[in-house]
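Hi there,

Here is the structure I promised to pass on. My notes follow below it.

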Amino acid sequence: MAAEVEYLFGPMVSDSKFIQAIEKNISRGSAFCVRENNGEPGSRLLGGILFSSASAPSYKIGWLAVSSISRNKGIATALLKHALKTVNVPAEISVTTFGDEVPDGQPARRLYQKFGFEPQEELIPNGPEGGSRQKFKLVLIRQD
């Protein structure tokens, strides 16, 4: 699946840092995925998210991707809902996503905004494909 989205994220399949990030998130239980028919490991991967709580109460979405055949089917929504259930409130969750002018990044921007993430003004370097990036942040507070 990573190979499918490299045009947006840059090289990943042969990037040892990306592979290490996946392995690290798997070992600490912060990598979540959806597989075809809720299948066992090894079955077709439909989407995945890397969600870091290493700096809690500041959390970070490091990567979220959905295979092209699985888009617009609620996979990203399910992944994000699941990750957010692991958060201890109060908390702040951040993600760097695509800039407004990146057409293929519009679904990601809409997803984060649907969940209440707010775009930030912080300057972020362009992505490896040359498109702009923007940080989004969600602040969760206790509802007493």
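What volume does the largest pocket have? About 1,200 Å³, where a volume is the space filled by probe spheres set on grid points joined across faces, edges and corners. A pocket here is an open set of points on a 1 Å grid over the protein atoms alone, where a 1.4 Å probe fits, with protein on both sides within 12 Å along at least five of seven lines; lining residues have an atom within 4 Å of a point.

Before the rest, a word on the source: this is a predicted model, in which local features need pLDDT of at least 70 and side-chain atom pairs count only at pLDDT 80 or more, while totals for chains, interfaces and linings use all residues. Residues are numbered from 1 along each chain as its sequence is written, and side-chain values use heavy atoms, leaving out hydrogens and water.

The largest pocket is lined by 46 residues, with F9, L64, A65, F98 and Y112 nearest its centre.

The second largest pocket has a volume of about 300 Å³. Of its 16 lining residues, I22, I26, C33, L45 and W63 are the closest to its centre.

A polar atom of the R133 side chain lies 2.8 Å from the backbone oxygen of L8, and one lies 3.5 Å from the backbone oxygen of G131.

Enjoy exploring!

Key: Polar contact = N/O pair within 3.5 Å; in protein donor to acceptor, adjacent residues only side chain to side chain.
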